[in-house]
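Hi,

Here is the structure I promised to pass on. Have a look, and my notes follow below.

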Amino acid sequence: MTEPASIDASSLSIHNVNKWFTAPDGSLVAAVEGVSLSIAAGEMVCLVGPSGCGKSTLLRMIAGLDAPSSGELHVGGEEIAGPSEQRGLMFQDPNLFPWLTVRRNVQAGLVARGVLHQKRHEVEAFLRLVGLETFADVYPHQLSGGMAQRVALARALVNHPRVLLLDEPLGALDAFTRMRMQDEVLRLWEARGTTMLLVTHDIDEAIYMSDRIVIMTPRPGRIERILDIDLPRPRERNSPGFLALRSQILEMLHFAGRVA
Amino acid sequence: MSIQSLESPVRLAFQSSEKVRIRSKGAWISFLPFAATLLALTLHRLLPNGQTTLPMTGRYPLFLEWLLGSTFMLAIGDLLFWPVRRWLRPKAPLLTLGIVTLCVWDLVTLKLGWMPLPYFPGPDMVLRGLVDQRRSLLLNASQSLLLLSTGYAAGTIAGLFSGMSIGWSSKARYWGMPVLKVIGPIPATALIPLAMAIFSSSFFSGAALIALAVWFPVTMLTASGISNVRQSYLDVARTLGAGRLYLIFRVALPAAMPSIFIGLFMGLGAAFLTLIAAETVGVSAGLGYYVRWRQAYCEYDKVYAALIVMAVFFSAVMTLLFKVRDRILVWQKGVIKW
């Protein structure tokens, strides 16, 4: 499936990527080692693994914020050379610009690209999409965690990125807000066909959302296993299939943890 | 809807009960300024003068009579009108203290003669100085304002520019930081001889000194604000398609604003100091010059009058900067307390 996928503009291919950091004592530490992964256009893939397994590093390389030490990353057949509005990024911290109102945060991408004039009408649509049109003129410090994360989502989507990279975006939310946000992200994903790569610590979240789960091991970060999730959508969090997968992955992670 | 209908009567009841409470309790507080004025006027009229070297002008008792009328009207207004009460109640004790201070000042100088003339004139003489010299004081204040704003604006612009360069570019930091570290800590006043040698006009040498005094803190805090911008803000902006200009002016600069304002406030303090020093030494205009000139003639009443004008002038400028900050940093409300 690698070949047809690489032609599509929103497919991702990662080939034998390594990333080393220099430790304070001058030695090299591998954060990501020998990672190869192909993601088809419109696929939802979750990266799961203990902390320090290089998930975030991998995501930053796909975003173009960090360069790999060796190996190649391609989006739609084109090598990733730096950040681009084609690859949106969302962190665990919403990182809203506190000096801008909600509306101005959402339209930041349009302003940055100098296309606000032509696309101003879309801003309102995105605000409605995340249900925050009544909070458009409020500053971020007045928002709750869930609301702030929804603004961050709208901001990341405003440029219509082909790929959306999500670095534990729901990690800081309470359980109920979190489940609602998962549905919201899924709804957007189904409606827009954006390729999504989601880093998470939460196995339930990974099973609930993804087409495939990539399990990584720490130090150095390597791909341990890739699982296809064939459960029909919309998924039931307490269906037998769901629960079976859950215990299977938990076992695997435990095993992975002991090896490392 | 049910919440609203529940809430509004409760809120109304609470508001009106609060009104009643304020009305019934502590109505005497609003009469305190009036009482203090009455005391000050009575003492001024009844006690014989201890300092008798100068003729009285009667301006101070006239002022007190006017104050007596005003404070009385305020106290009555307090009883009758809610907005007056809301304004006056919190300020009444402070106002009273101010009037008592005037009274004590009058006592220890004019009435009891504990403080020697001509160095410590009473409120009557200083008030006369203020009134008689109002033209001259206003003229000098406006000259000070011109010098201050020229120097402050130049220093701020230069400081923002150098601070942003040093904060953003590592090359600018390499070359700029040593210069900043060596020149910055020199008090601008120590460079008065140098400035006078460089600029033929005393106005420009004064403005340059003020600019230098402002430049250092503004540069320092702008640079630190810019270089401490959260990396994730910049990362997010880059994935949104931001170019260099957007990153500098739309992310780093607003993120650094709280720090920049600390620099602006420090710079303003330094500017006041340098302004007065420059006017006392070289510039032949402005409030600092006026104070030196009057002191040379031992006219201390006018010196104090100028000091009062200076206090009002400086705190007005300071308040203006606070207002600008509140407007620009409105997004910080509730995040950081000053």
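A definition to start: two strands count as paired if DSSP finds at least two bridges between them. Strands (E, at least two residues) and helices (H or I, at least four) are DSSP runs, numbered from the N terminus. Mind that this is a predicted model: local features need pLDDT of at least 70 and side-chain atom pairs count only at pLDDT 80 or more, while totals for chains, interfaces and linings use all residues. Residues are numbered from 1 along each chain as its sequence is written, with chains lettered from A and ligands numbered from 1 in the order in which they are written.

On to the strands. In strand 4 (residues 70–75) of chain A, A:Ser70 sits opposite A:Asn18. Strand 4 of chain A pairs with strand 1 of chain A over 5 bridges, antiparallel. Strand 1 (residues 12–22) of chain A also runs antiparallel to strand 2 (residues 28–39) of chain A, with 8 bridges joining them; there, A:Ser13 has A:Ser38 as its bridge partner. The hairpin of strands 1 and 2 of chain A has 5 residues between the strands, and A:Gly26 in that hairpin takes a positive phi near 90°.

Chain A as a whole has 9 helices and 10 strands. Its radius of gyration (over C-alpha atoms) is 18 Å, close to the 18 Å from the globule rule (2.2 Å times the number of residues to the power 0.38) for 260 residues, so chain A is as compact as a globular protein of that length. Of those 260 residues, 45% are buried, meaning 20 or more other C-beta atoms, placed from the backbone, lie within 10 Å of the residue's own.

A:Ala63 is buried, with 24 other C-beta atoms within 10 Å. Leaving out residues up to four places away in sequence, A:Ala63 touches A:Pro83, A:Arg87, A:Leu89, A:Leu165 and, across in the other chain, B:Thr239. Contact here means C-beta atoms, placed from the backbone, within 7 Å.

That brings us to the interface: 16 residues of chain B are in contact with 21 residues of chain A. On the chain B side, helix 10 (231–239) and helix 11 (244–281) are the elements that give two or more residues, and helix 10 of chain B has the largest share, 7 residues.

Cheers

Technical notes: Contact = placed C-beta atoms within 7 Å. Buried ≥ 20, exposed ≤ 12 C-beta atoms within 10 Å, placed from the backbone.
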